[in-house]
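Welcome! Take a look at the sequence and the model before reading on.

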Amino acid sequence: MTVVHTTTNNSSRLWYKTHAKKWEEALPVGNGKLGGMVFGDPEQERIALNEDSVWYGGPRDRNNPDALPNLPEIRRLLSEGRLKEAEELAAMALSGIPESQRHYMPLGDLRLAFRYDEADAKLGVHRYERSLDLIDGVASVHYDVGHTRYERETFASFPDQAIITRIASDRPGGVSFSARLTRGNNRYYEQIVKANEKTIVMRGSCGGVGGSDFRAALQVEAEGGSVRIVGEHLVVDKADRVTLVLTSATSFRHADPESETLHQAKQAASIPYEQLKERHIADFRSLSTRVSLKLSSRDSDRSDLDQLSTDERLKRIQDGGDDPAFIALYYEFGRYLLISSSRPGSLAANLQGIWNEHFLPPWDSKYTININAQMNYWCAESANLAECHEPLFELIERMREPGARTAKMMYGCEGFVAHHNTDIWGDTAPQDIWLPASYWPMGAAWLCLHLWEHYEYGLDRDFLARAYPTLKEAAAFFVDFLVETENGFVVTSPSVSPENIYRLPNGETGALCIGPSMDSQILFELFTACIEAANTLDADPELRITWQSLKERLPQPAIGKNGQIQEWMEDYEETELGHRHISHLFALYPGKRFTVRETPELALASRVTLERRLSNGGGHTGWSRAWIINFWARLEDAEKAHDNVHALLSHSTLPNLFDNHPPFQIDGNFGGAAGITEILLQSHTGEIHLLPALPNAWENGELTGVRARGGYEVSMRWSEGKLMEAEIHSAIDQVCKLRVAADVKIVDQEGNAVEVSIQQDGAVQWKARASIVYRVIAI
């Protein structure tokens, strides 16, 4: 058929003039557990399906029994500078057995083959459009076939735990199609059976020893026409409107996944479509509308840009154009993806969120915890999606028992530990035999900082009381694991600076090392969090002394011969100057130790580090570029932050706005969204800083509903690059410290002036009460 497109206008949605030809062009829907990629083909529709617990294989104990007996020798070889011998022994003694964890897999595909009136079909498809509403969470397809208008809507309902597809036409009896469930060219399921006259069930196993069983049910509810099952196909003839209900479950969560799947399908199908949609939209909007962002400049012409489809606007940016409103759309898409891939009760968002089409996906589509899984949640708190953070906390809890086993078996230590990857089962033994990454013992420590961050934003003491034992166990490992150097420092050994390689003065290269800078920076944050948590809860006074002592004995950040932050304890050269990981700037972001005002020398050295990386080709992966946005924002360099937002869109964004490593990884979407927030609002130094890195191109804008550490919610509006007004609400009575590059007055919600004090550093301070929304007005 010949396809003719139409146009539309909506600032909170993605839209396209043709259907997706490949997976990376399809539009994602999700409810945390279930995900779908909607292609929008008028003739042969495909909705690629995922269920978050469909992983190959069951739990295993992969800890290497030879790790602990050989640990002293590995440490000795490293301390004596015998790098290659240490690495050779580590590869044999520390690697997991077998070396790989479990991997994530697709659930399958929903395939729809449409049949049209012969006379209409001859006239072809025209007025085609597909779209994704980021506020309502609904993917739509609209088109004409001849003289008949067709509409489809697809959404993944969290309240009803189902993917719902509605198909309608404006001609009575105009909807005819066959539907089936497929999986991997039909090689990766056991059978499809008829559950009743309008429901089919796909049965299968995820494979591997101890792997879960899965089920997927497809139920059809037709208004008018007829429904019958022929073989593996649901056949609909001459209906007016049809609702498809897709549900799925696995034995990871349910002893009888088929019963659960059919129950969910029956329940959802019993609800009229309009009510299903209303329930979904009400739930989705409760999250999606909390925050809004508008960006513009005096040169941007919205009327022209609104006529361009999403991929056309992206191409315009890639060709050098500026489009502040598109950046706001990209930010909104990042929030949409977190809402869709991480909800209470679901698993944590993995390397691809929940959307994966490969049975052997890149990097197994699991949890890479030397930055990527953490980056997935960088925007959770600031973007006011705190409950979407919960699945990550549940992953950490699943890791505690395996991590305690790994700590004891591999290192003879208390507490719990994880390396640079984990999976659905919380596996904590090293992944791969890859020296630059595998033997890094900091994964659990970094993850646990998310528990503290959640408390910092919400000040929920009950949550902190529940999270504190996990923080304490993460720290307990390092109380035992750290070794003392000749000059009295305590350091990790063995470890690596994630995925990077250094060169010794004699030309020898290697990855395994003692005390890389990132490790000490993470431990500084971890011990600080544990001490502050214990103080808040009035717990463990003796442990506080231990943690403080270890914190004071960590190596201090060092500046190297090129003016950069040293990546290792020694000022080694690195073999790849433009490496994608910039681990030694952890203390700049997401850490809080390097700041422009409190540590200016380290901030300057951080700038030098970034400039060296970028001048040598750094930032070439999507997630790395997203990290760099956050770095420049923390350095308050507005134009460099903006340049890297553009670089992320220009070089590392797919047509459906998914992040491109390449291939697709979702971390860059979340890291990019976090970076946009960080450009506009920061709160890591004990104050609320409005517009800390506002670029010239975003001279007009409005941001509402974002959160700041300390229990604050903030909204603001600016014009011509200057703050006009803001609103600040504190969850508790406390002293509020505000930094803004403008003279301001503070008034309460009745318009009464609030008494403020001006600090020596220029910040404004006042006593905030929880019952009052304060207005900040530029004067």
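A residue is called buried when its relative accessible area is under 20%, and exposed when that value is over 50%. With that in mind, the buried residues of helix α2 are L83, A86, E87, L89, A90, A91 and A93. Please remember that this is a predicted model.

**Helices α1 and α2**

- Helix α1 covers residues 67-79 and helix α2 covers residues 83-93; their axes come within 8 Å and cross at roughly 165°.
- Angles over 145 degrees count as roughly antiparallel, and α1 and α2 are therefore roughly antiparallel to each other.
- The crossing of these two helices is left-handed.
- On the α1 side, the contact is made by A67, N70, E73, I74, L77 and L78, while α2 brings in L83, E85, A86, L89, A90 and A93.
- Sorted by class, this contact has 9 nonpolar, 1 polar and 2 charged residues.
- The buried residues of α2 pack against α1, and also against the strands β23 (502-503) and β24 (509-510).

**An open sheet**

- Seven strands form an open sheet in the order β3-β4-β5-β6-β11-β16-β15, and their pairing is antiparallel.
- At the edges are β3 (27-30) and β15 (226-230), each of which pairs on one side only.
- From one strand to the next, the twist averages 20°.
- In general, strands of a sheet pair through backbone hydrogen bonds, either parallel or antiparallel.
- Inside this sheet, β5 (residues 44-51) and β6 (residues 108-115) pair in the antiparallel sense over 6 bridges.

**F416, in a loop**

- F416 sits in the loop between α10 (390-411) and β20 (421-422).
- Is F416 buried or exposed? Its relative accessibility is 1%, so F416 counts as buried.
- Leaving aside neighbours within four places in sequence, F416 is in contact with several residues, including I396, M399, R400, A444, C448, T470 and F477.
- F416 and A475 are 59 residues apart along the chain, and their C-alpha atoms are separated by 8.3 Å.

**K722, in a strand**

- K722 lies in strand β30, which spans residues 722-730.
- The relative accessible area of K722 is 59%, so this residue is exposed.

How values were computed:
Residues numbered from 1 in each chain as written. Predicted model: local features only at pLDDT ≥ 70, side-chain atom pairs only at ≥ 80, totals over all residues. Heavy atoms only, no water. Axes fitted to C-alpha atoms, helices over the stretch in contact; angles between N-to-C directions. Helix = DSSP H or I, 4+ residues; strand = E, 2+ residues; numbered from the N terminus. Parallel < 35°, antiparallel > 145°, perpendicular 65-115°, else oblique. Left-handed = near helix turned anticlockwise from the far one by under 90°. Contact = heavy atoms within 4.5 Å. Nonpolar A, V, L, I, M, F, W, Y, C, P; charged D, E, K, R; others polar. Pairing = 2+ DSSP bridges. Buried < 20%, exposed > 50% of the residue type's maximum accessible area, 1.4 Å probe, protein only.
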